[in-house]
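Student: Could you walk me through this one while I have it open? I'll jump around a bit.

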Amino acid sequence: MTAPTDTIAALATAFGPAGVGIVRVSGPKAREIGESLCGQSLKPRHALHAHLRDGSGEVLDDAVLIFFQGPHSYTGEDVLELQAHGNPSLLNALLRECRRLGVRDARPGEFTERAFLNDKLDLAQAEAVADLISAQSETAARSARRSLDGVFSKRCHAVAEQLVHARVYVEAALDFPDEEIDFLAAPEIRNLLERCRTDLAQLRAEAEQGKRLMDGLHVVIVGAPNAGKSSLLNALAGEDRAIVTDIAGTTRDVLRETIQVDGLWLTLADTAGLRETEETVEAEGIRRARGELAKADLVLAVLDDTSNAFASLAEALQGSAARILWLHNKSDLSGHAIAREQRDDGVHLWLSAKSGEGLDALRHELAQAAGFGESGTGSFSARARHIDALDQAVGHLAAATALCNQTQAELAAEELRLAHNAIGSITGHMDADALLGRIFSSFCIGK
């Protein structure tokens, strides 16, 4: 894609009839349009309060005009920002006058797209703009801000640079086949590939953490009937969302609740108790519970601490790919102290959903399950396509390492090139018009 040369305008932000509305214009006509509207000369980065008039001299509104001369602007082009009253009718009249003066309406995300095309942002940073706008917690917003500041991009560039060095070594083996030096057997290339593997694995883990922070964690609550699953959902949600009775099999369908724990969005899914039953409706609920397990990021396996049901639940959860957190509920009835134990099969917590004891420890474990440290913050935001690209890079790097061990330089060089391209796709160092179109079309108007 090449940078466009026309001029666009959009209502970037509106704060209601009593507040402020912002109309943003970007392109070569931005200054001309601003001066036509206010009848005065505009100086770059100087705020000017003036009446805005239409072609017949009628006052449209009074506003503050700020002109940013390219390339020192958000888009890298000449940009005009009009801070007017937030009344929709006034703003629409202002947009109509801008159109009359030669601009067109911006597409969703086009301002940020132009910033990318003019090298003001790379692709990961551009996506972080949308993540920052849509962040639903302070923690998520901070992580998106770090990506926008280039934290994620710098990590990608560092790994890409290592891959470049590795490609140089392998290409040397191809360029000098008659030399006595065995480039592929040299310790430098082996050490470099190992560093690449380690750094790429760490980057992938942090990107997964960033994705979970933006998308939230899908947590499935399972257990035997009357273990306290619905009571646990209500306790974490802070209100009675699920019906709680002493009758086994009360929960028949999957009940979902979205909550926030220490800045982390969780989708909790309360499921029917796992047991053998011939009752048709309950059996369907259990079938749906097992289907929900297949989509889980984390499983909360709830045990009634007054009974011995661990073995049967462990058997029911065999084959689950998600991490399992074992919760021994009703500790207030069993007499077991509130505690945490690390066992071979995972973390075990003793708590009481009814009294609330042990729930703080559970919230801490939920944050840890999402990959957050003691501070509860992620290092940067990430998306599913970033994870896919990193997975591709990991696979190609592993293949390249194996081929180097087999002294197959040509095939190793190709795998390293593919790994390098996969990393480059994250920041946009590639030719992918269709990919860019899909990304920026998801933005809001005026961004």
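Student: Is Gln162 buried or exposed?

Tutor: Gln162 counts as buried, because its relative accessibility is 16% and buried means under 20% relative accessible area, with exposed over 50% and partly exposed in between (1.4 Å probe, protein chains only). Before going on, note that this is a predicted model, in which local features need pLDDT of at least 70 and side-chain atom pairs count only at pLDDT 80 or more, while totals for chains, interfaces and linings use all residues. Residues are numbered from 1 along each chain as its sequence is written, and side-chain values use heavy atoms, with hydrogens and water left out.

Student: Where is Gln162 placed, and what is it in contact with, leaving aside neighbours within four places in sequence?

Tutor: Gln162 is in helix 6; helices here are DSSP runs of H or I with at least four residues, strands are runs of E with at least two, and both are numbered from the N terminus. Apart from its neighbours within four places in sequence, Gln162 is in contact (heavy atoms within 4.5 Å) with Leu192, Arg195, Cys196 and Asp199. The side chains of Gln162 and Asp199 are also joined by a polar contact of 3.0 Å, that is, a pair of N or O atoms within 3.5 Å, where within protein one must be able to donate a hydrogen and the other to accept it, and residues adjacent in sequence count only if both atoms are side-chain atoms.

Student: Which residues touch the most other members of the largest nonpolar core?

Tutor: Phe152, Leu163, Val170, Leu416 and Ile423 do, out of 33 residues in that core. Helix 6 (151-175), helix 7 (187-215), helix 13 (384-405) and helix 14 (409-427) are the elements that give two or more residues to this core. A nonpolar core here is a set of buried Ala, Val, Leu, Ile, Met, Phe, Trp, Tyr and Cys residues joined through side-chain atoms within 4.5 Å.

Student: What comes after helix 14?

Tutor: Gly428 follows helix 14, and its phi is positive, near 95°.

Student: Which peptide bond is cis?

Tutor: The bond from Gly70 to Pro71 is cis, with omega near 5°, and Pro71 is placed in the loop between strand 4 and strand 5.

Student: What about phi at Arg45 and Asp119?

Tutor: Arg45 has a positive phi near 60° although it is a residue other than glycine, and Arg45 lies in the loop between helix 1 and strand 3, exposed with a relative accessible area of 54%. Asp119, not a glycine either, has a positive phi of about 60°, and at 71% relative accessibility Asp119 counts as exposed.
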